[in-house]
Amino acid sequence: MTPPGTLMLEAVEIHRDYAMAGDAVHALRGLSLAVHEGDYVAIVGPSGCGKSTLLSLLGALDRPTRGAVRHRGRDVARLDDRAATDFRLRSVGFVFQRFHLLPMLTAAENVALPMAEAGVPPRERRARAAELLAYVGLGARTAHRPTQLSGGEQQRVAIARALANRPALVLADEPTGELDARTGTEIIQLFDRLNRDGTTLVVVTHDEELARAARRVVHMKDGAIVRDERLRD
Amino acid sequence: MRVALAVASLARHRTRTALAVAGIAVASAMLLDMVMLSSGMRLSFRELLDTRGYQVRLSPKGTLPFATEATVGDAAALVAAARAQPGVAVVAPNLGAQLVAPRGDGAVTVAALGVEAGVQGDYALREGRDAAAGELVASPAALAALGRRVGDTVSLGTGWDPQLRAFRELAPRRIVGVGRFYFLGADQPVVAMPLADLQATADGARRDRISSAMVRLAPGAEPAAVARALAAALPRVSVLTTADAVAQADERVAYFRNLAFILGSVSLAVGFLLVTTLMTVSVNERIGEIAVQRALGVQARRIVQQVVAEGLALSVAGGLLGLGLGLVTARYLDAILGDFPGLPPDIAFFVFQPRDAGTAMGLLVVAGTLAGILPSWRAARLPIAATLREEAVA
Amino acid sequence: MPAHRPAFPPSSPCRRPAPRGRWRAAIGAALLGLAAAAPAAAQAPLPTIALDARLRDDAGIRLGDTIAIAATPDGPARRMVVAAFARRTADPSEVARAEYKVRLHLADLQALLAYGDRVDRFAVVTRDSGATDRVVAGINARAFGFRAHRSRDIAVETGRTFAVINRFHRAIGVITILASAIFLLCIMLLRVEERRREVATLRLIGLSRRTVVRAILVEATAIAVLGAALGTGLGWAVSQVVNRYYQGLYRTPLVFSLVTGEVVALAVALSAGLGVGAGWLAARRVVGRPPLALLGR
């Protein structure tokens, strides 16, 4: 089976070590991974295998101890804080397990937050926020605050927020971890739609259904990739 | 959006925010009061001295005007010499003494001022007219002490012997006016009469003598220069400009200035501590949200701006409330201090100037800004991935 | 004591009625400088005078120097020998007064001022405090042209200035306490709310509201007592600094700030009480909410 599109993201021999109570913990051990445009990658493995650490490095939330993380050829692991932040703002969308919406903002305001940071004019970002919320099926809940939304609805808002600045890549860490099965299925379907519409997805998950929905599954254990299987093109 | 976020963050915990604003309001009220106190007396005293436009004062050598019983002789020549100096427009000589009036079996003592009616700067007429020979203007306290009204006659004299209950000299004088005496306490019995009348009392011991003189300068004349010229021309007197007098008074009330500085500093420190504590706790509570914002691509400096803006908003809100509160408490405190015995009625300790409000608010703004800096710096520096992980576990 | 003697503002160009004590004016106006000691053999011994210690410091006068002193600046002067220097007393009414005080033998002053056989007042020492009332009554019954007063009654009358300052200090104290109360309440609230998840966990595992409030109160009490102790120490230290500063500024032995047992007890009671009260209020507020709400669910 052929990989879709050009190379978008690659991790090259990355190591991530933590000092803990005098000992070094090797969360990642020389891991290499390539993700192409349009791909839908699920990263699975037991707890503590380094999945979330890998995701943090791919999204320039953290820096590897050794190795490189290249996004379209640019090593984002070497960026200073300002450049890394800008990279996250414009090139990557994040979806977290616990949604992490700002409780004092409405759904629309949460979605608009990254656009405001990117300097999008107010009228334009209001319109786009409404459009994105409609895209994720929450067109009627734009003025609701997170406490007024269910878990699934909050995660949809988080997905809309991740798409605010039109990133080519969305990274999701256990996006269905806090949801019931039915709601989780809805989110899986939404991810599928995102990918079909052209967004590259890298998802860390324990959810088998979500893993099966991906095009490619990367199995990790003890900080390394043990198996990389492509399920479909 | 940052401003909206800052406001929304503050509105999230209304009780806490309200308490913090209240605390800052009280601190800023105290700060404003102390700023007012630090300059109020000086300003009020200067205004008092400049009443009627007299900028220079003459007194017996080595003394301050009316601080002692000292008088200076050859007064007529002295006054004439002063009037002849360039830059001098008006010279108002005065003589202070005590006179006694019989009342019942005893006597009432009043302070007496001998003045020249056309140039005097010691009182403002509230009722009646200025005194001519054999007449006097009295303060309301004097009228009460003497049991008289305008139009009545009262006998005043010197040499009261309480054992013999006799006066060495006693002369009737008609009360023709009521005056508000600028430089004496409102509760002090004071009368003003023509200078020559008072000089004629005490068996001539006061003849051609004065206690002090006030000098009004010609337009454009420079007080310090005229004062120097007067001092050179009149070696028997000390010459004091308003600025000199204010500086001397400043020394005497150093206590209030020091108190103002200390309490003002403490108020500012309290306000600073309150904002810093609140912002630190607020940031700690929102560490997860801040990590998410950083993950989404919000620059560190924007986080700093938001946190500093929150601290500033608290300070400004508290400060504005405190301005109103401060004016109320200043009136209350001024009323307390106004009870000092013998304090001239026009002296105030707390004098509001818009500049004072500006100073107090400015200090609060700086304190509020600084108070937000440490917690915001912390917030901007947190490790994003680790914090998100901790927040997920929590 | 002369009547109507305002103590404030002292010695400023503001006026006050000339007091009956003429000797003050005489001294303030009349020090004319030093004269060399004349050969003593041919002259009667000069009268002696005790000067204000500040004159020694300010004018460089020494013991044994001869000075000329007069009642008025242009009046006749008498020569006297400086036999002593007297420090100012701890008299609050003298604190801000700049004029120098000197002491002469009564007869010398009466002669200098041409006062004759007159005085302004007598001071009377009684055998014991019980005798004072009898003495006052006895004198007044016989007095002709003067009255006897208890010293403490005069002190009350002439202490109006300090009564005003006391009221002022009290008002400042009240405002400070109010600010502190709000500050404490805010801080305690923040502290307790910062730990609301812990509180929620304790409640969820079965601890009663009362237990949780008590635990918070113990902490609040410890902080309040520690703060009160630290504050007392700080207050004492500041009091020392204040006294040293003002004693130097006004050149007086007067004690401006006194930390007494009563003051300490009041300060500790107030601060500890406010701290504990604030802690109790904050604790009640946080245990009043359902545990799950505290966890944000």
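Biologist: Before we start, when are two residues in contact here?

Modeller: Two residues are in contact if their C-beta atoms, placed from the backbone, lie within 7 Å. Keep in mind that this is a predicted model.

Biologist: Fine. Leaving aside neighbours within four places in sequence, what is Cys186(C) in contact with?

Modeller: Five residues of chain B, namely Arg16(B), Leu19(B), Ala20(B), Gly23(B) and Leu274(B).

Biologist: Which members of the largest nonpolar core touch the most others?

Modeller: Cys186(C) is one of them. Helix α2(B), residues 14-49, gives the most to it, with 20 residues.

Biologist: What lies apart from it?

Modeller: Another core, of eleven residues. Among them are Ile49(C), Leu51(C), Val82(C) and Val102(C).

Biologist: Switching to the A-B contact. How many residues does each chain put in?

Modeller: Chain A gives 23 residues and chain B gives 20 residues.

Biologist: And which element has the largest share on the chain A side?

Modeller: α2(A), with seven residues. By class, that side has ten nonpolar, five polar and eight charged residues.

Biologist: Now the open sheet in chain A. What is the strand order?

Modeller: β2-β1-β4-β5, with antiparallel pairing. The edge strands are β2(A) and β5(A), each pairing on one side only.

Biologist: How many bridges join β1(A) and β4(A)?

Modeller: Five. In that region, His15(A) stands opposite Arg66(A) in β4(A).

Biologist: Where does α1(A) lie?

Modeller: Across β1, β2 and β4 of chain A. α1(A) runs at about 120 degrees to β1(A).

Technical notes
Residues numbered from 1 in each chain as written. Chains lettered and ligands numbered in written order. Predicted model: local features only at pLDDT ≥ 70, side-chain atom pairs only at ≥ 80, totals over all residues. Helix = DSSP H or I, 4+ residues; strand = E, 2+ residues; numbered from the N terminus. Nonpolar A, V, L, I, M, F, W, Y, C, P; charged D, E, K, R; others polar. Pairing = 2+ DSSP bridges. Axes fitted to C-alpha atoms, helices over the stretch in contact; angles between N-to-C directions. Core = buried A, V, L, I, M, F, W, Y, C linked by C-beta atoms within 7 Å. Buried ≥ 20, exposed ≤ 12 C-beta atoms within 10 Å, placed from the backbone.
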